[in-house]
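Subject: Structure for you to look at

Hello,

Please find the structure below, with the sequence alongside. My notes on what was found in it follow.

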Amino acid sequence: MSHIDVVQAAEPWSAERVLALAPDVPAQRAAQLLIGDSRWSDSGAESDLVWGRSRGSASAPYQCIATLGEHPAYHCSCPSRKVPCKHVLALLLRWAAGKVAAAEPPAWVHDWSLRQAARTARREAVAGKPREVNPKTVARRADRVAAGMSELDRWLADQVASGIAGLTTVGYEPFDTLAARLVDAQARGAAGLVRRLAGAAVSGDPERLVTELALLRLLAAGYARLDELPPPLAATVASRVGIPVSRDEVLATPPVPDAWAVLGIRDEIDDQLSSRRVWLRGCGTGRMALVLSFAGPGQSLPIDFTVGTVVEADLCYYPGATPLRALVAGRAGTVCAGPEAPEPPADPIAGALDSWAAALAGDPWLDRWPVLLAAVHPTTTHLVEADGTALPVRGEHWPLIAAAGGRACRVMGEYGPAGIRPISAFVDGRVVEL
Amino acid sequence: MTTWSEVVAAALVGTDRRPAAGGAVGLLDSAAALGLRRRAGVDAAHDVALPEPAPPDQAPLASAAATARLAGLLDPFTSIDGRGAETRLELVDEWLEAGRLAAGELLPALLDLGRRHRRLRPALLAAGGERGRWLAAQRADWRYLLGEADERELTEPWDLAPIGRRIGHLTAVRRRDPAAGRELLESTWDEEGADDRSALLGTLDIGLSTADQELLERALDDPRREVRGTALDLLARLPNSRYGARMAGRARTCLRIGAHRVDVRPPGQCDLGMQRDGVTPRAPAGVGQRAWWLEEVLARTPMATWGTPDDLLRLPLPDEWAGVVRRGLGRAAAAQGNGEWAAALVDRLWPEATAAQRPDDRLLLEALYEALPEQQRAERAADVLRNDPGRATAAGVERLLELCPRPWPAGLADAALAAIAVLVRGGASTWRLAGLVTLAGTRLPLALAGHAGAAALAGHAGAAGGAALAGSAGGVSTVDAVYRMREAFAQDRPADPRLGTLDQLTDVLRFRQEMHEELAK
């Protein structure tokens with residue numbers, strides 16, 4: 001009996017799909033330079049396991065392994081912190097190009113895949129176990145949050161009693177102390193708002209400072225009578241204070257099926273935690289959604305969205321009076337980009353401001369809200385509609401100005417009290433990520 | 001507490017001093033309601049002026065893949081794997097020169113790059129299209145792009161326009177009607193600021209003729225050294241000028257051409273007339289005073305004074321003066337852009353320059369190469385590489401290679417690949433290889449013509465590589481050729497550090513090949 005037909009490689013991916021795994025654009029570029037035959041030796045693939053050795057700047061070649069199954073994992077002996085690193089990406093690009101032959105994994109690959117399988121099994125065991133919720137723990141936590149919030153409320157009243165003019169000159173320190181105490185009280189959300197307050201105080205704008213103080217008071221007052229609030233508003237208040245919502249709770253909400261247009265993606269790569277924000281808009285419902293994903297060190301961000309495409313999916317919104325953040329409960333696939341793809345509705349500036357006002361009514365603590373403007377002319381200071389109606393822009397955005405060339409285009413951005421921050425633009429049928 | 005401004009004022013002072021209904025908490029509650037209403041009820045700005053639209057570009061943008069590649073090249077955080085800023089710049093330049101339009105969103109980064117690197121500007125002007133010019137006009141630090149080519153009619157009076165527009169305008173006028181340009185310049189010459197005079201005078205370069213010599217002679221008495229220098233350079237290029245006649249008179253008393261030999265009599269002094277005509281009286285350290293004056297006189301004498309190069313150079317020169325005379329003639333040929341003389345002199349100067357290793361000689365040689373027609377430049381560089389690659393790299397052949405047209409013509413490409421093969425096999429140090437390989441990466445053509453490339457490699461790449469190449473008919477992809485060279489070498493010396501250098505070369509070549517495929521889409 002022959003063993004040859006036992007060893008089989010999985011259907012290779014396209015180069016685009018491989019590149020989408022990259023943690024950032026530089027890694028993509030770097031990987032494309034490393035695909036030369038001369039750099040690689042001992043490569044092979046078996047089902048969704050791919051391996052090879054790459055000669056880099058070190059004397060010994062780097063060992064690269066990737067497994068692309070349900071739980072993708074990557075390994076490379078190079079010193080890069082990116083996952084997957086350029087060597088692994090280059091290996092996968094070669095694999096996608098059919099340059100990696102099927103083979104039996106050698107010992108070093110086999111050992112790693114065993115370890116990896118054990119790690120996955122452990123993780124699943126932990127995740128599969130329904131988390132025991134101890135009612136005592138919950139009660140203790142609620143007490144601590146309540147204590148923290150009422151301390152915050154007293155602090156706010158004290159400031160206003162003695163006059164807030166002094167707050168503009170004290171620097172960040174008193175705010176940091178207060179925020180740290182709120183973190184101790186497990187009210188991380190409120191702590192974040194206190195840091196925002198510090199920004200308002202340092203800016204020296206008294207109106208902004210008064211507003212932020214009042215919003216914190218609103219949060220403390222709302223939390224004090226959480227039980228009396230209508231459920232959606234109570235959920236918003238709780239999430240703003242920092243009470244976590246479990247994934248299961250979110251997925252238990254009724255899903256919103258739609259063709260979701262991917263409007264923009266922003267990554268923040270950090271040594272500790274990388275995050276990706278994906279803004280979507282339902283072509284049928286017109287609803288905005290924000291899908292957040294995080295990756296710790298050694299993990300890569302999921303790569304399920306491409307700006308300019310439309311995705312058939314069911315989204316579940318986090319509960320709240322102004323739902324925005326959502327989870328993908330299920331997706332049917334990408335309805336491609338192009339003329340036949342559905343278009344998300346876009347708004348005039350007046351409509352976008354109405355949506356901002358409506359969003360604030362449900363969640364007064366919002367400081368930015370995604371908007372898709374239908375036809376605006378970007379200038380150094382404003383996005384201007386044909387009749388001269390305009391929104392101020394935050395910062396200078398020369399790439400946007402240059403891409404639009406003084407003509408009207410669709411612009412997606414986040415609107416906030418300081419103006420709009422452009423994230424992507426749709427010009428002459430092209431998507432421009434800013 | 002009814003209005004927002006009252007609430008803010010009370011909060012600033014404090015409810016202890018300005019009591020409010022409901023106390024501090026009551027004030028905060030009214031502030032929340034009022035502040036939120038203000039935040040939510042914000043109105044759009046009105047009557048904001050629309051931007052001036054950019055004139056439309058007729059050509060389509062480069063393909064999406066090509067655009068993405070350029071974006072990667074421009075991203076300062078992209079490491080092109082050990083490749084320096086210089087290579088990145090070459091690749092950007094190559095992209096721009098492909099004649100495709102760059103997408104608007106990339107233009108700001110390109111304009112920033114062009115501000116620092118002048119040589120990108122001509123290609124950027126084309127690849128930026130109308131959009132690029134429209135954008136450049138909006139920022140002072142990008143406006144150089146308009147100075148590059150802004151030859152449109154002036155909207156303001158000639159003497160009040162910004163210097164870039166004035167130079168552009170004068171250039172355009174000179175191109176149409178040299179006399180009108182000169183008269184325009186003369187009309188304001190005496191009022192021009194010291195900084196502008198040299199730049200404006202430089203435009204006489206276009207359509208230069210004997211008719212310009214009055215103005216140039218006047219400029220010789222200018223208090224500014226830059227202005228005198230510009231005037232001297234231009235005067236030296238005029239074939240029948242009074243200046244040329246003066247220099248020729250001096251030069252003929254120095255070099256007396258006899259039937260069988262040249263008699264050399266360097267000047268005995270440097271009088272005021274010579275100094276006005278640009279002869280620097282003080283010799284640099286290490287050069288004899290009279291020898292220096294001789295070189296200076298020859299360097300400013302019209303080449304026509306000597307007839308054809310052969311008339312002078314075939315005759316023997318006294319040994320002690322031969323070097324000085326060749327350098328003087330060399331400088332003259334370079335300054336006057338005389339290709340015929342430059343070609344004749346390069347061959348005589350190259351051995352001297354490589355043997356003596358004097359930096360001045362090197363610079364002179366480079367200047368002469370620049371005066372050569374491009375095709376000849378490449379042929380000569382190829383000869384130098386073929387004769388002795390080791391000595392060529394030691395003598396800085398890289399600078400000469402930089403002056404060759406890009407991509408390198410077939411003969412030079414073959415010579416360069418053969419030289420790399422020889423150096424790799426011969427165990428040259430990697431740093432010595434690096435200069436040649438870096439240049440080759442961005443300048444080699446992507447396809448080697450016919451059998452010449454194969455033959456060049458077969459001689460050095462070992463039997464396997466040679467046989468493989470001999471089998472391929474017609475053009476050979478350069479990436480493949482280099483890769484085979486590498487494979488053949490790796491068979492003999494699998495752990496050699498020079499393999500890394502060859503890998504680097506393959507990587508850049510492959511990058512370029514993909515880039516051109518994307519640009520062709």
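To start with one residue, A:Trp398 is buried, at a relative accessible area of 7%; buried here means under 20%, exposed over 50%, and partly exposed in between, with a 1.4 Å probe and protein chains only. This is a predicted model, in which local features need pLDDT of at least 70 and side-chain atom pairs count only at pLDDT 80 or more, while totals for chains, interfaces and linings use all residues. Residues are numbered from 1 along each chain as its sequence is written, chains are lettered from A and ligands numbered from 1 in the order in which they are written, and side-chain values use heavy atoms, with hydrogens and water left out.

Aromatic pairs

Over all chains, a search of the whole structure gives four aromatic pairs. Rings of Phe, Tyr and Trp (its six-membered ring) pair if their centres lie within 6.5 Å; planes under 30 degrees apart count as stacked, over 60 as edge-to-face, and the rest as tilted. One of the pairs is A:Trp260 with A:Tyr317, edge-to-face at 6.5 Å centre to centre and 65° between the planes. A:Trp260 belongs to strand β5 (residues 256-268) of chain A and A:Tyr317 to strand β8 (residues 310-317) of chain A, so the pair ties together parts that are 57 residues apart in sequence. Helices (H or I, at least four residues) and strands (E, at least two) are DSSP runs, numbered from the N terminus. A:Trp260 is buried at 1% relative accessible area, and A:Tyr317 is buried at 6%.

A:Trp398 pairs with B:Trp142, edge-to-face, with 5.2 Å centre to centre and 70° between the planes. Because A:Trp398 lies in helix α12 (residues 398-404) of chain A and B:Trp142 in the loop between α6 (121-136) and α7 (144-149) of chain B, this pair joins two chains. B:Trp142 is buried, with a relative accessible area of 0%. The charged end of B:Arg139 sits over the ring of B:Trp142, 4.0 Å from its centre; the criterion is NZ of Lys or CZ of Arg within 6 Å of the ring centre and within 35 degrees of the ring normal.

Between the chains

Which residues are in contact? On chain B there are 65, and they touch 62 residues of chain A, with contact meaning heavy atoms within 4.5 Å. The two chains bury about 5,200 Å² between them, 63% of it on carbon and sulfur atoms; buried area is the accessible area (1.4 Å probe) that two parts lose on being put together, summed over both. B:Leu28, B:Arg39 and B:Glu105 supply 15% of the area that chain B buries against chain A, more than any other three residues.

Five salt bridges are counted between chain B and chain A, each a side-chain nitrogen of Lys or Arg within 4 Å of a carboxyl oxygen of Asp or Glu. The side chains of A:Glu207 and B:Arg38 meet in a salt bridge at 2.7 Å, N to O. On the side of chain B that touches chain A, α2(B) gives the most, with 12 residues.

Chain A

Chain A has 12 helices and 15 strands. Of its 434 residues, 48% are buried. In helix α2 (residues 25-32) of chain A, the buried residues include A:Pro26, A:Ala27 and A:Arg29. The cover over the buried residues of α2(A) includes α3 (86-96) of chain A together with α3 of chain B.

Regards
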